[in-house]
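Hi everyone, thanks for coming along. Let me put the model on the screen, and then we'll walk through one part of it together.

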Amino acid sequence: MSGLINVTLLSVKTMWLVNYGISVAIMNMMISIGMITGSLVTNGIVRKLPLMYLFAISLSFSGLCGISFIWHESAYLSIVLLFVMGYFIGKINPRISAIVLQSIPEKRLAAVDGLLNMVSMLGAPVGQLLFLGIANVVGIAYSWFAFSIGCFFLIVIIVLKFIKMDEPMF
């Protein structure tokens, strides 16, 4: 999302808070602050939600964020959506780590952790290639639209296939 946010802010000055640099910094910081907050806050009803619900909620806020960048009427709405998306991502990461630690034998733990890190690191360049490619060839709004459609498509897959999946208890 970072690259797409940067390209959007370059072309839509109405989304600037003070100037381009501050707008980029604030929007990217909101994701990070949301992730840190989500990781640190351990109480509440979100703690009891199954992992797949958290994935679906995070994807829904990602898709809504894409729609807010298409609409580009309020930078503040985008900032709030980025923070909430980051919050739910922050709730997901510790759960995945706990599941890996509980279910993978100790001898294979480093290999599995390395594989998970590699897969997550591959997501950024693939996403940039796809969505920044669409933004440069067709237009930024089309890229955000494709991003949002992809998010909502993944939500449908989660709801239809994985929502009933059992997860280890902590």
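Let's start with a question: is Ser-62 buried or exposed? Ser-62 is buried, because its relative accessible area is 7%; buried means under 20% relative accessible area, exposed over 50% and partly exposed in between, with a 1.4 Å probe and protein chains only.

Before we go on, a word on the ground rules. This is a predicted model, where local features need pLDDT of at least 70 and side-chain atom pairs count only at pLDDT 80 or more, while totals for chains, interfaces and linings use all residues. Residues are numbered from 1 along each chain as its sequence is written, and side-chain values use heavy atoms, with hydrogens and water left out.

Back to our serine. Ser-62 sits in helix H3; helices here are DSSP runs of H or I with at least four residues, numbered from the N terminus. Not counting residues up to four places away in sequence, Ser-62 touches Met-85, Phe-147 and Cys-151, where contact means heavy atoms within 4.5 Å.

Now the whole helix. H3 covers residues 51-71, 21 residues in all, and reaches 30 Å from its first C-alpha to its last. That is close to the expected 30 Å, which is 1.5 Å times one less than the number of residues.

The buried residues of H3 include Leu-51, Leu-54, Gly-63 and Phe-69. As a set, the buried residues of H3 pack against helices H1 (2-11), H2 (20-40), H4 (75-103) and H6 (140-162). Tyr-53, also in H3, is partly exposed, as its relative accessible area is 40%. Tyr-53 and Ile-155 are 102 residues apart in sequence, yet 9.3 Å apart in space, C-alpha to C-alpha.

Phe-69 brings us to the core. A nonpolar core is a set of buried Ala, Val, Leu, Ile, Met, Phe, Trp, Tyr and Cys residues joined through side-chain atoms within 4.5 Å. The largest one has 28 residues, and Phe-69 is among the six that touch the most other members, along with Ile-5, Met-15, Met-27, Leu-82 and Trp-144. H1, H2, H3, H4, H5 (109-137) and H6 each give two or more residues to this core, and H6 gives the most, with six. Beyond its neighbours within four places in sequence, Phe-69 is in contact with Thr-8 and Ser-78, among others. Another core lies apart, with eight residues, including Val-46, Leu-54, Val-84 and Phe-88.

That's my tour; over to you!
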